[in-house]
Amino acid sequence: MTKAHAAGTLTRRSLLKASALAGLGAVAGPSLLLGPRRAAAQGAGGAILQGSHWGPFHAVIEDGKFVEARSLDVDKFPTDMLAGIPDSVYSDARIRYPMVRKSYLENGPRANDESRGAEEFVRVSWDEAIDLISGELQRVKDTYGNEAIFGGSYGWKSVGKLHNCRNLLGRMLNLHGGYINHTGDYSTGASQVIMPHVVGRLEVYEQQTVWPVVVENSTLVVLWGANPMITNQIDWILCEHGALEGFAALKDKGTRVIGIDPVRSDSIDEMNAEWIAPRPQTDVAMMLGICHTLMSEGLHDQDFLDEYTVGFEEFSAYLSGESDGTEKTADWASAICEVPADTIRQLARDFAANRTMLMSGWAMQRMDHGEQAHWALVAIASMLGQIGLPGGGFGLSYHYSNGGTPTAVAPVLPGITATGKAVEGAAWLEKSGLASIPLARIADMLLNPGKVIDFNGDKVTYPDIQLIYWVGGNPFVHHQDTNTLTKAWRKPETVIVHDMYWTPTARHADIVLPANTSYERNDIEQGGSYSLRLMTPMRKAIDPLYESRSDFDIFNEISKKLGYGTGFDDGKTEMEWIEGFYDAALTQAKARRIDMPDFDTFWNGEQPLVFEPDEEGLNYVRYADFREEPLLEPLGTPSGKIELYSRAIEAMGYDDCPPHPTWMEPVEWLGQEGAKYPLHLDTAHPKYRLHSQLNNAEVLRDKYTVSGREPMLISPADAEARGIADGDVVRIFNDRGAVLAGAVVTDRMRPGVVRLNEGAWYDPAEPGVVGALDKYGSPNVLAIDKGTSKLAQGNCGHTAIVDVEKFEGEAPPVTAFTGAPSAG
């Protein structure tokens, strides 16, 4: 029988099955001062077991205050971001009370309201707020129908199986008759649509060939547009940082690593990688040059192509120029990507001479024609013929949620869903699933009701939205072209937001409700999106601050006010839900002969449960089953094979997404004839926050801000040409807007490129004004808002060219991290 154990009670098998952790003591028993078992169990020294996207931790409590998030021994690579958690809880930006925008409270709903984002808020009671929201939901439903309600819940929401605000919002709105939802996400909008056509799988959110296999077998690892040392600090659920163990083992072995990125990233430095810096947005051209070299020098695996792929004949005709008159040679590619042709040719030879793992990031598909990048990467891997071999092929998730960490033998915790049972004779989910629009087209939808767009072979008609209900996200930071969004946000009659903090999105709402943090409530969660290695009780560490409440309680009260009785909560308390989730996992465990404790023992434990992989998990090779038995284990494509040419896409007839990997110029890029601006804006993941989360943690901002603003990295040559010195406040601008930032002059940047990390809170000098200068440094003010193509309609957050100048005069103070203006 496989046993789950509390961290520290047993040694852990290492990634390479060679070493064991020593010196871990037995877990202490529960405190005698716990009281009832449902009380927040507290470890020695006032430490309470909790968890976050940054990992599980002990919340250290002193005199009733959360003073430290202390990492656990089970986490071998804890992130510095843990230090920001207590700071964020007590941030000046906390929303303390239910608040309503002044003129909205006085005059009621108004469309095209230019005062959103600029006006004072008035404190109201919870009863008033619940009455106002329930009344608005009913009014909009009666007046316009449920098709006028947009349930916006996109973002990295707090972890936890019960307090999943995304599902909780859907649950309440489904109970009310349905709403408009979204399709896709900002992270992988292009790839998650194109990959099913190419390999028959979503790919971007799936397990990779595991690290023990990579370390043992790969002789060349390529980090293409990926910075896993930074991005693997976080996980969609609790982070267990297994991939960082894998990279450490790879480095210890001395495996050759190549980093292809316009910026010499932390990962390139950490892995002692060779750095190749192409011109931004030209990855596809560089990949095609590699493909051409493989073909022209006879380095491609024709047997693999014949047996496991379809469409190479058409693709090779494109490479040779037979189909369009342009041969995709290394010299042709070099003129576009500005990587020497000899380097491109040598890459092809090195790829073919080694067992090569191509580890790609997602940035290259968040740009115009983004569908082509990962398709071209699959083409390289197919021509190498190593897909399905140990340590070979490609992987799109080694940088996300610690992909490649071996999957443990573990049950799966269920969670609360957006659906449920019928109540009081009403048809459950009446009018539910009314429509879904591509997420990256939100502003376009608001501005253009009735507009019809193409999407993956279908047509989507934009609804006429009159009410936005947003929880668990921050669109005024993560949506492109903030000024267009500011204009679009005026369109609905009512905007409702739940949040812990006065984010830019909360400031642009009409009704704002204070949600509590996950450290102020109970929950349960697993750790490791791919490994499922951990399971942790998340016990309330402190009482909710001010008048904050959980989203579960808020939506439950609104549902009752709307007359749905126990339809939302099923008549169960918070702890009954949590225990039910655990007991469902326990039932799975018993069926699979996995030894787990009963709920009381689990809930009162001071360490997470830890589950271990078996031999199958430790030796998993992606696509090995397909390679071994292509007829019995076909892919989910029409042909059952890898499609280098897609007849399905060909039938769609899109002019911006051809049926094979193709180089197409982005709508704006540095190689554009007559380009208006001379610098490309690179927008990467930050080191000290998760997108916009923890940006309000001052203890972390002190580590990276320059003159109190988001840092902008710039090459010495570009800085000198503009008279910019290290530490200067600079203005970054293009036709879409302008932001201030603090200059960091560094040779880590490719000349012609500046970097401004995504997730910085939008802080307009003139709140609510379209075109206002952003004082802090949010790059989406500058990014273009268009779909990647008619196929995926993904976001183009990396398609932006700009210029930079030294800011003259006294820079306006940053006010993003204070409470919203209040009229009482």
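Guide: A residue is termed buried under 20% relative accessible area, exposed over 50% and partly exposed in between (1.4 Å probe, protein chains only). Buried residues make up 64% of the 824 residues in the protein chain. The model is predicted, so local features need pLDDT of at least 70 and side-chain atom pairs pLDDT 80 or more, while totals for chains, interfaces and linings use all residues. Residues are numbered from 1 along each chain as its sequence is written, and side-chain values use heavy atoms, without hydrogens and water.

A salt bridge is a side-chain nitrogen of Lys or Arg within 4 Å of a carboxyl oxygen of Asp or Glu, and 52 are counted by this rule. One of them joins arginine 101 to aspartate 113, at 2.9 Å from N to O. Arginine 101 belongs to strand β6 (residues 99-101) and aspartate 113 to the loop between α2 (102-107) and β7 (121-123), so the bridge ties together parts 12 residues apart in sequence. Here helices (H or I, at least four residues) and strands (E, at least two) are DSSP runs, numbered from the N terminus. Arginine 101 is buried at 0% relative accessibility, and aspartate 113 is buried at 6%.

Aspartate 113 also forms a salt bridge with arginine 110, with the closest N and O atoms 3.2 Å apart. Arginine 110 is partly exposed, its relative accessible area being 34%.

Elsewhere, arginine 139 pairs with glutamate 493 in a salt bridge of 2.7 Å between the closest N and O atoms. This pair links distant parts of the chain, 354 residues apart: arginine 139 lies in helix α3 (residues 126-144), and glutamate 493 in the loop between α18 (482-488) and β20 (494-499). Arginine 139 is partly exposed at 27%, whereas glutamate 493 is buried at 12%. As for shared partners, salt bridges join Arg101, Arg110, Asp113, Arg116, Glu119 and Asp510 into one network.
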